Amino acid sequence: MTKAPLRVALDQGTGDSGDPASSLTRLTERARTAASAGAHLLIGPEMSLTGYNIGDAVSRSAEPADGPLFEAVAGIAAATGVAIVYGFPERAGEHVYNTVQLVDGHGRSLARYRKTHLFEDLDRRVFTPGEKLVVQADLQGHRVGLLICYDVEFSEAVRAHALAGTELLVVPTALMEPDTRVATLLVPTRAMENQLHLAYVNRCDREGDLDYVGLSTLVAPDGTELLRAGAGEALLVGDTEPTVAHDFLERLSYLDDRRPELYGPLLK
C-alpha cells in the first residue's frame, strides 16, 4: 500500500541577518501559516535564524544544539504542531558548524546535520566541516534526510542518501547569483537520478555582497517540479507524491540497475 503524502512548506526568505529575535518572530508567523495550510513540515533556508553571510558574527551567534535557539524553535513547533527544519551556527567545544536541525511537531529534536562540503572561504574560514554524511529521521511515516546547500552539488552525497533509504531529501540553501543552474537544472536531476523527493529551499534577498536567487523547489522522484518559487519571498505548500515514486521505481530503478563492482576508481 502506498503511504500518504507528506505536506511540506518551503519558506523562501529569512529574518534580518544577525538578528535571531527577528528571525524567530518571522518563523512563528510562517509556522502558523503553514499549519493553517495543513503542512506537516516547514523548511527554511541555510542559517535561517542568524543569517549566512555575516562574517565574524557567526562565531558570536554560535550556540549548542540544545541552546536558546532550539528552545525557541521547539516552542514554535509544539504550539503549531508543525515540524521545522531550521539552520544555525552550532558550537561544539572549540568548533563551529553550519548546522540544520529537524524538530518535530511536539518540539523534539529528531535529527541534526552539520554541513560536510564547505563552500570556498565563505564557509571555510568560519566553519568546521561535518564528518557524518547521511543523517535521517522518520516523520509522519516518511524517511527524511538532511543536506545543506553545496552538499547537493556532489552526486555522491545524494546517492548516499538514496542508498540509505531517504525518501525526502531536505536541502536548506543560500544560493547566490550567478549560479541559477544549480537550482533549475542540477537539483531536478539529483532527484530523478536518485529517485527521491528533494526539497531545495533558498534565500531570495541581498545580504552583504551576496544576491540570493530564490528558485526554491520541491521535486518528485521522476524529476517533475511539484513546487517552484520565483525570485521573491514566498511560502509554497505542496504534497510529496509517493505514488509517483512507486510507479517510477516499478518502471525503472537506477539504484537496482547499478554495477557497483565497476565503480571502484570513483571511491578513490
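Where is G232 found? G232 lies in the loop between β13 (225-228) and β14 (234-239); helices (H or I, at least four residues) and strands (E, at least two) are DSSP runs, numbered from the N terminus. The model is predicted: local features need pLDDT of at least 70, side-chain atom pairs count only at pLDDT 80 or more, and totals for chains, interfaces and linings use all residues. Residues are numbered from 1 along each chain as its sequence is written, and side-chain values use heavy atoms, with hydrogens and water left out.

View 1. Between G232 and C204 the C-alpha to C-alpha distance is 5.8 Å, while in sequence they are 28 residues apart. G232 has a relative accessible area of 38% and is therefore partly exposed; buried means under 20%, exposed over 50%, and partly exposed in between (1.4 Å probe, protein chains only).

**View 2. The salt bridge of E167 and K3.** A salt bridge is a side-chain nitrogen of Lys or Arg within 4 Å of a carboxyl oxygen of Asp or Glu. In this pair the closest N and O atoms are 2.8 Å apart. The pair links distant parts of the chain, 164 residues apart: E167 is in the loop between α5 (155-163) and β8 (168-172), and K3 is in the segment before β1 (7-12). E167 is partly exposed at 29%, and K3 is partly exposed at 34%.

**View 3. Further salt bridges.** The structure holds 19 salt bridges. D104 pairs with R108, the closest N and O atoms being 2.8 Å apart, and D104 counts as buried because its relative accessibility is 5%. R259 and E261 meet at 2.5 Å, N to O; R259 is partly exposed at 43%, whereas E261 is exposed at 54%. D11, R26, R30 and E233 are linked in a network of salt bridges.

**View 4. A patch of negative charge on the surface.** E120, D121, E177 and D179 gather here. Patches are made of residues with over 30% relative accessible area and no salt bridge, like charges being joined within 9 Å and nonpolar side chains (Val, Leu, Ile, Met, Phe, Trp, Tyr) within 5 Å. Asp and Glu count as negative, Lys and Arg as positive; His and the chain ends are not counted. The place of a charge is taken as NZ of Lys, CZ of Arg, CG of Asp or CD of Glu. D121 belongs to helix α4 (residues 120-124) and is exposed at 55%.

Methods
Areas by Shrake-Rupley, 256 points an atom, 1.4 Å probe, with all protein chains shown as cover.
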